[in-house]
Amino acid sequence: MKRWLPLGLIAAGAVLGAAALLLSPSEEERIRERLTQLEDAVRVDDGERNPLVRHGRIRSEFAEIFAKEASARIAEIGDSLRGRDELANAATQAAVVYQTADVSLGGTEIQIDPAGMTAEVTATATVTGARHGQEVRRDELPVVLRLEKIDGEWKIVSATVHPRNTPGDDSH
């Protein structure tokens, strides 16, 4: 009986190791979780009126989502942002313009480099929101995100929001 105990422990360890591999999220799933975290971070809730509270929440969430020196180019507003702090400030200001706003990323395609250290995400960002005193509006914008694995976590290093497609425009 004592001879079988070490073999049983080795077999149990192998089964647990295989189960952990099967149950741990794939790199693509981890990137999708990061994108969902981004969607949640930039939302504007009708009840979120205090800009200091909003800014604190966004800064905290952006620390997990974006690399410190991340950048963003947003064609619709002709603006480039540099650094996580500028990104958080811009996201905080959205509550000044919008009473409510949700962002969802659809049509998402993820390409991870063979080394598993960088990835590119192309998606369509659907922004549904109501500016103060106006009706709800929905816009769809093409987005490209570049991510890097930093300290074992996927972080967005750059975001490009292209101009919205207009009917008959197939350049994007």
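This is a predicted model: local features need pLDDT of at least 70, side-chain atom pairs count only at pLDDT 80 or more; totals for chains, interfaces and linings use all residues.

Student: Which residues touch the most other members of the largest nonpolar core?

Tutor: As background, nonpolar side chains in soluble globular proteins tend to be buried together. Here, the largest nonpolar core holds 28 residues. Elements giving two or more residues to this core include α2 (27-42), α3 (51-65) and β5 (136-150). The members that touch the most others are Ile-31, Phe-62, Phe-66, Leu-145 and Leu-147.

Student: Which residues is Ile-31 in contact with, leaving aside its neighbours within four places in sequence?

Tutor: Ile-31 is one of the core residues that touch the most other members. Beyond those sequence neighbours, its contacts are Ile-110, Ile-112, Ala-119, Val-121, Leu-147 and Trp-154.

Student: Are α3 and α4 roughly parallel or oblique to each other?

Tutor: Their axes lie 9 Å apart, and the packing angle is about 140 degrees. Angles over 145 degrees would count as roughly antiparallel. The two helices α3 and α4 are therefore oblique.

Student: How many nonpolar, polar and charged residues does the contact of α3 with α4 have?

Tutor: Among the residues making this contact are Phe-62 of α3 and Leu-87 of α4. Charged ones also take part, including Arg-54 of α3 and Asp-85 of α4. By class, the contact has nine nonpolar, three polar and four charged residues.

Technical notes: Residues are numbered from 1 along each chain as its sequence is written. Side-chain values use heavy atoms; hydrogens and water are left out. A nonpolar core is a set of buried Ala, Val, Leu, Ile, Met, Phe, Trp, Tyr and Cys residues joined through side-chain atoms within 4.5 Å. Buried means under 20% relative accessible area, exposed over 50%, partly exposed in between (1.4 Å probe, protein chains only). Helices (H or I, at least four residues) and strands (E, at least two) are DSSP runs, numbered from the N terminus. Contact means heavy atoms within 4.5 Å. Axes are lines fitted to C-alpha atoms, for helices over the stretch in contact, and angles run from 0 to 180 degrees between N-to-C directions. Angles under 35 degrees count as roughly parallel, over 145 as roughly antiparallel, 65 to 115 as roughly perpendicular and the rest as oblique.
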